[in-house]
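Below is a short note for someone opening this model for the first time. Please read the points with the structure in view.

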Amino acid sequence: APLLLVFTGILAFSFLIESAGLIVAAAALIGIACLENLRSKPLEVMVIYLVLTGFSALVFVHWFDMRMPLFWWR
C-alpha cells in the first residue's frame with residue numbers, strides 16, 4: 001500500500017505542477033505519499049512539506065532559473 005500511495009502522489013504532482021504550481025503540487029505529492037502518517041503525525045508531515053517545498057523552490061526556481069510557477073496565479 002505505501003508504494004501505491006507514493007505512485008499516486010507522483011501522478012498527482014505531474015498533473016498539478018503546470019496548472020496549480022509547485023506549492024500545491026508538492027502539497028498533493030507529500031499529502032498523498034504520507035497519508036498514513038498524516039493522521040497520526042500531522043506536524044511531522046507539515047515540517048516535511050515545508051522543508052522539501054522550500055528546498056525545491058530554492059533549487060529549481062532560483063538557482064537553476066527554471067520557469068516553473070510557484071502558485072497558480074503566476
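1. Basis. This is a predicted model, in which local features need pLDDT of at least 70 and side-chain atom pairs count only at pLDDT 80 or more, while totals for chains, interfaces and linings use all residues. Residues are numbered from 1 along each chain as its sequence is written, and side-chain values use heavy atoms, with hydrogens and water left out.

2. H1 and H2. The axes of helix H1 (residues 2-16) and helix H2 (residues 22-33) come within 7 Å and cross at roughly 170 degrees. That makes H1 roughly antiparallel to H2 (angles over 145 degrees count as roughly antiparallel, under 35 as roughly parallel, 65 to 115 as roughly perpendicular and the rest as oblique). Helices here are DSSP runs of H or I with at least four residues, numbered from the N terminus. Axes are lines fitted to C-alpha atoms over the stretch in contact, and angles run from 0 to 180 degrees between N-to-C directions.

3. The H1-H2 contact. On the H1 side the contact is made by residues including Leu5, Ile10, Phe13 and Leu16, and on the H2 side by residues including Leu22, Leu29 and Ile32; contact means heavy atoms within 4.5 Å. The residues of this contact divide into 14 nonpolar, two polar and no charged. Ala, Val, Leu, Ile, Met, Phe, Trp, Tyr, Cys and Pro count as nonpolar, Asp, Glu, Lys and Arg as charged, and the others, Gly among them, as polar.

4. H2 and H4. H2 also packs with helix H4 (residues 42-63), at an angle of about 140 degrees and with the axes 10 Å apart. The two helices are therefore oblique to each other. H2 contributes Leu22, Ile23, Ala26, Ala27 and Ile30 to the contact, and H4 contributes Val45, Ile48, Tyr49, Leu52, Thr53, Ser56 and Ala57. These residues divide into 10 nonpolar, two polar and no charged.

5. Threonine 53. Not counting residues up to four places away in sequence, threonine 53 touches Leu22, Ile23, Ala26 and Ile30.

6. Glutamate 44. Glutamate 44 lies in helix H4 and counts as partly exposed at 39% relative accessibility. Glutamate 44 and cysteine 34 are 10 residues apart in sequence, and their C-alpha atoms are 9.9 Å apart in space.

Note on methods: Buried means under 20% relative accessible area, exposed over 50%, partly exposed in between (1.4 Å probe, protein chains only).
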